[in-house]
Amino acid sequence: MIIHLSDRDIFVDDGRFAATGSGEEIDATGLTILPGLIDVHVHFNEPGRTDWEGAATGSRALAAGGGTCFFDMPLNSSPCTVDAAAFRAKQAALEAASVTDFALWGGIVPGNRSCLAELAELGVIGFKAFMADSGLPEFPRSDDRTLLQGMEEAARLGLPVAVHAETNELVGGSGTTVREFLDSRPVLAEVTAIRRACELAEETGAKLHIVHVSSGRGVMAALEARQRGVDVTIETCAHYLYFGADDMERLGAVLKCAPPLRDANDRKMLWRAVTRGDIDIVASDHSPAPPSMKEGADFFRIWGGVAGVQSTLAVLLDMALPERVAELTAANPAKRFGLARKGRIEAGFDADFTLVDLSAEHTVTRESLFQRHGFSPYIGATFRGVVRRTVVRGRTVFADGKIVTDGGGQFVHAEPRIHTQ
């Protein structure tokens, strides 16, 4: 494969970027090439809840948004990925359905410490724990002892621990309205949980990844620990950068998430952290559900989760330079999680890339979404840039507005990094 850009040619041989190449020629004049987006935080809910999403539709939406690899969380699939049997079932299901590559998170829950070593042997990318109620009885939250023991084992295994950081005792309450829900999950709950997780990581030597940080104060709490030498990375999500609490009150259930959206000042602080390099990764936390679960007068009882896997790149390209976007969505995820041959457009790396027309713009419609349910807070939004083609290991998956392949996604896991000049 040869990709003809305006200023240079890029070659692909046997699924990897190379010094020379032949075969298919792609005219990419006027387009920008970016390494394929690696979304480290999705809930495709397979097996067991494919009526919520599924890897077939989820991976297609990812590819349409410029993505080439996703990390599936241990919930809301059924069974949750907390032991070897559940892992094998999920891996088999996703290998049969996904058009992009994928990695799998394992879970830390009370009583499964003895399962972590086997999950590591099978190739999990890391372990996820909830410090607050997950919403699923089969994936209970980790108290301090469970999290401490999980981190000790993860450190021994050399794998990172990702935490949903909200202090359980500081969230909850009664009410029915959006405003009451926002008030029930204060920034303080996030900040105190981040500090606690960092203390446990410091004690155990574990690699810590804080998922979906929603506030500037949350970022600062993690940075304070980083300055003490804690090995911690910070993830936020596109919806925390694009939407605020007022949007949740305006749009309702389509934006319900936890931690919730914050005020305009926190959103500005998050963007500053992105541009300064304090935030390492931007993910989608794509967490859909059937429309019937997003209805009702009691906002507390409506299922939470934002469906946005197709829009992460669009949000970032609308507000940041392509070079920074490539770091946040490809280079940093690959480096943090040990995907030695992904995340860069360099000889020897997997030929995962997307071609984007930055001179064009697109408006999100229900019809433009490839996910199972056309239910997204981004509908009606207009963004700079149009994804023209997405390629996974030299294989075109998405082109000219269409998915052009069935299946073909491969399971990936951490490996020693290759050395480049």
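What volume does the largest cavity have? In this predicted model, where local features need pLDDT of at least 70, side-chain atom pairs count only at pLDDT 80 or more, and totals for chains, interfaces and linings use all residues, the largest cavity has a volume of about 80 Å³. Residues are numbered from 1 along each chain as its sequence is written, and side-chain values use heavy atoms, with hydrogens and water left out. Helices (H or I, at least four residues) and strands (E, at least two) are DSSP runs, numbered from the N terminus.

- Rolling a probe the size of a water molecule over the atoms shows where empty space is left. On a 1 Å grid over the protein atoms alone, a cavity is a set of points where a 1.4 Å probe fits but cannot get out, while a pocket is an open set with protein on both sides within 12 Å along at least five of seven lines, and lining residues have an atom within 4 Å of a point. Grid points are joined across faces, edges and corners, and a volume is the space filled by probe spheres set on the points.
- By this rule there are 3 cavities of 30 Å³ or more, and of the 14 residues that line the largest cavity, the closest to its centre are Pro-288, Ala-289, Ala-307, Gln-371 and Phe-375.
- The lining of the largest cavity divides into 7 nonpolar, 4 polar and 3 charged residues, where Ala, Val, Leu, Ile, Met, Phe, Trp, Tyr, Cys and Pro count as nonpolar, Asp, Glu, Lys and Arg as charged, and the others, Gly among them, as polar.
- The largest pocket has a volume of about 640 Å³, and of its 29 lining residues the closest to its centre are Asp-133, Ser-134, Gly-135, Ala-258 and Gly-304.
- By class, 9 nonpolar, 14 polar and 6 charged residues line the largest pocket, with strand 9 (126-130) and helix 5 (178-184) each supplying at least two residues of that lining.

- In an open sheet of 8 strands the order is 6-7-8-9-10-11-12-13 and the pairing is parallel, where two strands pair if DSSP finds at least two bridges between them.
- Strand 12 (residues 232-237) runs parallel to strand 13 and is joined to strand 13 by 3 bridges; the bridge partner of Thr-236 in strand 13 is Val-282.
- An open sheet of 5 strands has antiparallel pairing in the order 5-14-15-16-17, and its edge strands are strand 5 (32-35) and strand 17 (402-403), each pairing on one side only.
- Strand 5 pairs with strand 14 (residues 353-363) in the antiparallel sense over 4 bridges, and Ile-33 stands opposite Leu-355 in strand 14.

**Helix packing**

- Two packed helices are described by the angle between their axes and the distance between the axes. Axes are lines fitted to C-alpha atoms, for helices over the stretch in contact, and angles run from 0 to 180 degrees between N-to-C directions.
- Helix 7 (residues 216-227) and helix 10 (residues 264-276) pack at an angle of about 40 degrees, with their axes 8 Å apart. The two helices, helix 7 and helix 10, are therefore oblique to each other, given that angles under 35 degrees count as roughly parallel, over 145 as roughly antiparallel, 65 to 115 as roughly perpendicular and the rest as oblique.
- In this pairing Gly-216, Arg-217 and Val-219 of helix 7 meet Asp-266, Met-269, Leu-270 and Ala-273 of helix 10, contact meaning heavy atoms within 4.5 Å; the contact residues divide into 4 nonpolar, 1 polar and 2 charged.
- Helix 12 (residues 322-336) lies across strand 6, strand 11 (208-210), strand 12 and strand 13, and runs at about 70 degrees to strand 6.

**Backbone geometry in loops**

- The peptide bond from Leu-75 to Asn-76 is cis, with omega near 25 degrees, and Asn-76 is found in the loop between strand 7 (67-72) and helix 2 (84-97).
- Ser-78 and Pro-79 are joined by a cis peptide bond with omega about 10 degrees, and Pro-79 is found in the loop between strand 7 and helix 2.
- His-212, in the loop between strand 11 and helix 7, has phi near 30 degrees, a positive value in a residue other than glycine.
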